[in-house]
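Hi,

Here is the structure I promised to pass on to you.

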Amino acid sequence: MGRPIPNRSAGRRAAMPAALVVVLLAAALAAWLGVGWVAAGRLTVPERRFDPALHPAAFGATGTRDVTLRTRDGVAIAAWHLPVPGADAAVVLVHGHEASRTWEFAQRFPELAATLQANGYHVVMLDLRGHGASGGERFSFGHLERLDVIAAVDLLAAEGVPHGQVGVLGVSMGAATAIGAAADDPRIGALWADSGYADILPILEMRWPSASGLPMVFLHGTRLAHRWRFGFDLGGVRPEVELARVAPRPIQLVHGTADRTVPYEHALRLAAAAPSDLWTLPGGEHARAYPDDPVGYAARVLDFFDAALRVKVASVRP
């Protein structure tokens, strides 16, 4: 008997489904990454909110000047400098996501700045990159924004504020930014972090469906695409890890137990990460401590920075 003739057409038919699966998988992967690529671009552009009428002068500040800070990665940061001749300490105020130097604390941030100046502190209020009147177009949950704060510290150092005599007060994303700046810059002598997150990834996971309108599976593709496009992991910001590098400098944490934007659990994680004082606000909502009690909040802020920075005030408190 002759040798059987191979059925080559049958072999080709068997191979076709496997090839089709590979093609479909490749198409699905490309679509997954493509959606992530677009989402990484669109979802990191904040809405700008800025009201020039809410100037510190409207709250009694004097001598306020407009300044443009230049960060070490070349971004132009719009800021106000509230000087106090003769003072040897300063505070940098850092707003949160989609706010600005005029929009934080229910549009009362300039009021807090004026109070700090009246009590002997140089103050710098800045618009983080992509916010307010600053350059840049994206936010990074504190990964790059810390450079904006460090640029403010550069300005204060040039104005003669001594090493270690700069305090930073940050709110929400600004708190994470302030933690990162203090961890990287030893010239910052004290940190006040209001309603900050310990780890951005749980916040992203919690808000992803409503913010993006996409299934959770696309969050991972977006993180990967963001790393490819912009060079870092959008979900990798972990202030609780960096806080240990701030200690033993004084750290004040502030958080409300009814915070639905950054759950109170994050405050407990931050408090466990480094020696600090946690001011818990029972029933308090996100970043509402100052708007709900501006006099009491400001008094605590002044007591904290006075003790932490041992400031020689240039004016006498009333």
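Predicted model: local features only at pLDDT ≥ 70, side-chain atom pairs only at ≥ 80, totals over all residues.

The largest pocket holds about 830 Å³ of space. It is lined by 37 residues, and those closest to its centre are His-97, Glu-98, Phe-141, Arg-207 and Thr-261. Sorted by class, the lining comprises 23 nonpolar, eight polar and six charged residues. Four helices each give at least two residues to this lining: helix 1 (8–42), helix 2 (104–107), helix 6 (200–212) and helix 7 (217–230). Helix 6 supplies the largest share, with six residues.

**The nonpolar cores**

Phe-141 turns up again in the largest nonpolar core, which has 50 residues; together with Leu-69, Val-92, Tyr-197 and Leu-243, Phe-141 is among those with the most contacts inside it. Helix 5 (residues 173–184) gives this core its largest share, eight residues. Another core, of 33 residues, lies apart from it and includes Trp-80, Leu-93, Leu-169 and Ala-298.

Beyond its neighbours within four places in sequence, Leu-69 is in contact with Val-75, Ala-76, Ile-77, Ala-79, Asp-148, Ala-151, Ala-152 and Leu-155.

**Aromatic pairs**

There are twelve aromatic pairs in the structure. One of them is formed by Phe-105 and Tyr-297, edge-to-face, with 5.4 Å from centre to centre and 80° between the planes. Phe-105 belongs to helix 2 and Tyr-297 to helix 11 (residues 294–309), so this pair ties together parts that are 192 residues apart in sequence. Phe-105 counts as buried, at 1% relative accessibility, and Tyr-297 counts as buried at 1% as well.

Trp-192 and Trp-279 make another edge-to-face pair, at 6.3 Å centre to centre and 75° between the planes. Because Trp-192 sits in strand 6 (residues 188–194) and Trp-279 in strand 8 (residues 277–281), the pair ties together parts 87 residues apart in sequence. Trp-192 and Trp-279 are both buried.

What do these residues belong to? Phe-105, Tyr-297, Trp-192 and Trp-279 are part of one aromatic cluster, along with Phe-109, Tyr-121, Tyr-290, Phe-304 and Phe-305.

**A loop histidine**

His-143 is in the loop between strand 4 (122–126) and helix 4 (146–158). With a relative accessibility of 32%, His-143 counts as partly exposed. Leaving aside neighbours within four places in sequence, His-143 is in contact with Phe-232 and Val-237. His-143 and Pro-239 are 96 residues apart in sequence, while their C-alpha atoms are 9.7 Å apart in space.

**Backbone details**

Most residues other than glycine have a negative phi, and most peptide bonds are trans.

- Ala-247 and Pro-248 are joined by a cis peptide bond, with omega about 10°. Pro-248 is in the loop between helix 8 (239–242) and strand 7 (251–256).
- Gln-107 is not a glycine, yet has a positive phi of about 65°. Gln-107 is part of helix 2 and is partly exposed, with a relative accessible area of 30%.
- Ser-195 also has a positive phi, near 60°. Ser-195 lies in the loop between strand 6 and helix 6 and counts as buried, at 1% relative accessibility.

Happy to talk it through whenever you like.

Best wishes

Methods. Residues numbered from 1 in each chain as written. Heavy atoms only, no water. 1 Å grid on protein atoms, 1.4 Å probe; cavity = no way out; pocket = protein on both sides within 12 Å on 5 of 7 lines; lining within 4 Å. Points joined across faces, edges and corners; volume = space filled by probe spheres on them. Nonpolar A, V, L, I, M, F, W, Y, C, P; charged D, E, K, R; others polar. Core = buried A, V, L, I, M, F, W, Y, C linked by side-chain atoms within 4.5 Å. Buried < 20%, exposed > 50% of the residue type's maximum accessible area, 1.4 Å probe, protein only. Contact = heavy atoms within 4.5 Å. Phe/Tyr/Trp six-rings, centres within 6.5 Å; stacked < 30°, edge-to-face > 60°.
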